[in-house]
Amino acid sequence: RTTTTHFYFPHFHDMFRPQALRKSVQFGCQSVVLRSLPLRANASTFTRQAGLSRVDHTSGSIELDQHKIDFSKFKNYKPGEYIYKNSEINMDNFQNVEKMNLCTAVNSAMHNAMEEDETAMVFGEDVAFGGVFRCTVGLREKFGEERCFNTPLCEQGIAGFGIGVASMGHTAIAEFQFADYIFPAFDQIVNEAAKYRYRSGGLYDVGSLTMRSPCSAVGHGGHYHSQSVESYFAHTPGLRVVIPRNPVQAKGLLIACIKDKNPCLFFEPKILYRSSVQQVPVDSFELPLGKAEVIKEGTDITLIGWGTQMYVLERVSKMCDEIGISCELIDLRTIMPWDRETVLESVKKTGRCVVTHEAPLSGGFGAEIASIIQERAFLHLEAPVARVCGLDTPFPLVHEKYYLPDALKVFESVKYTINY
């Protein structure tokens, strides 16, 4: 029998109240779909407009109007056809190529940077022995304790030291052990690093400062080891904010950040450290900052994401192919400054757009993207720009699967946007 129960709430925030979750336990549902109704709408109207699906966990199928999708083949689908494409480099041009995961690609990028620049140094909590995720393994042994060393457990001090090192003309690569713990350094980053060049009238800068940090959900991190913090820093002029989706992107973008003459924040989705694996050039190379990448072309709807969400979007794209919806996938990569031209060109072609990120809905960077699209491409739109994001709650441990914008949530949004 079907074991999915749909709860409809008249207001968005009602769906997160504890009694709703207790009700799901009371019904003994294997899967609970929580949905909110738009104001001044009823359940039947919303169902008709959005084309809501019914998931039968016994047969493993999704019913959309007259269509049925075999969901079982997407449940364990491993993305790879699109997210591992790297259109800006030709692997045949590199003699030395090795299989790397995202962690070892980051390590390789720092090796290259420290070999090319004798002023480059890596510092942070526990980096001397390799770091909690092992991204700095071998750097201390190869380059010495003066160029790879531990700092006290003080994020404000790490940022302040990095600013001082960079202001003296050295290349500083600072690691914050988790993005969730970067906030003690917030003042140093947004009030000092971001404004150093401006406040000196261009006489001084800290452009050779790069700050790395693992970010986003990992499956068991809870509220202190799962947050996506990019929008906090994207609000600050003077900073670059970058998030890669695969090992090639991680290495090329990190090297570009290290060489770029602006302070950069490089957030690494930690769930991809071991799970994202591909062939990566051993030698140094750069990928462009501030440029989005279209990893799959389509005609019906534009799907925009970054980092881990690109794996979700590839799965959604495959699901949409089953019912004849052609999706264009865009990896934003650089959150600030973001590539408006590529996004607008795509949306003007497709007429529809869904933006997704793990960070909470309110104040998330998806709101900025949606605003610019509706400001500059309004007459090309066939439907409002949709956002599928994390919930406006602290990141939950036991309810993480309900919090995250997974493939079914995004697929639901695509159907609503197409049927608008």
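1. Ground rules. Residues are numbered from 1 along each chain as its sequence is written, and side-chain values use heavy atoms, with hydrogens and water left out. Because the model is predicted, local features need pLDDT of at least 70 and side-chain atom pairs count only at pLDDT 80 or more, while totals for chains, interfaces and linings use all residues.

2. The seven-stranded sheet. An open sheet is formed by 7 strands in the order β8-β7-β9-β10-β12-β11-β17, with mixed pairing. Strands here are DSSP runs of E with at least two residues, helices are runs of H or I with at least four, and both are numbered from the N terminus. Two strands pair if DSSP finds at least two bridges between them. β8 (148-150) and β17 are the edge strands; each has a single partner, so one side of each has no neighbour in the sheet. Ignoring direction, neighbouring strands of this sheet are turned by 20 degrees against each other on average. Such angles are taken between axes, which are lines fitted to C-alpha atoms (for helices, over the stretch in contact), and run from 0 to 180 degrees between N-to-C directions.

3. β7 and β9 (residues 172-175) run parallel and are joined by 4 bridges. In this pairing, Gly 124 stands opposite Glu 175 of β9. Helix α4 (residues 102-116) packs on the sheet and touches β7, β9, β10 and β12 (264-269); the direction of α4 makes about 130 degrees with that of β7. Contact means heavy atoms within 4.5 Å.

4. The five-stranded sheet. Here 5 strands form an open sheet in the order β14-β16-β15-β18-β19, again with mixed pairing. The edges are β14 (293-296) and β19 (386-390), and each pairs with a single strand, so one side of each is left without a neighbour in the sheet. From one strand to the next, the twist averages 25 degrees. β15 (residues 301-305) and β18 (residues 353-360) run parallel, joined by 3 bridges, and Ile 304 stands opposite Val 355 in β18. Helix α12 (residues 309-322) lies across β14, β15, β16 (327-331) and β18, at about 175 degrees to β16.

5. Cysteines. How many disulfides does the structure hold? The count is 0, where a disulfide is a pair of cysteine sulfur atoms within 2.5 Å. For Cys 320, the closest cysteine sulfur is that of Cys 327, at 3.7 Å, which is too far for a bond. Cys 320 is buried at 0% relative accessibility, and Cys 148 is buried with a relative accessible area of 0%. Buried means under 20% relative accessible area, exposed over 50%, and partly exposed in between (1.4 Å probe, protein chains only).

6. Backbone spots to look at. Most residues other than glycine have a negative phi, and most peptide bonds are trans. Asp 126, although not a glycine, has a positive phi of about 70 degrees; Asp 126 sits in the loop between β7 (121-124) and α5 (139-143) and is partly exposed at 30% relative accessible area. Ser 216, also not a glycine, has a positive phi of about 75 degrees. Ser 216 is in the loop between β10 (209-215) and α9 (230-234) and is buried at 7% relative accessibility.

7. A cis bond. The peptide bond from Met 336 to Pro 337 is cis, with omega near -5 degrees. Pro 337 belongs to the loop between β17 (334-336) and α13 (340-350).
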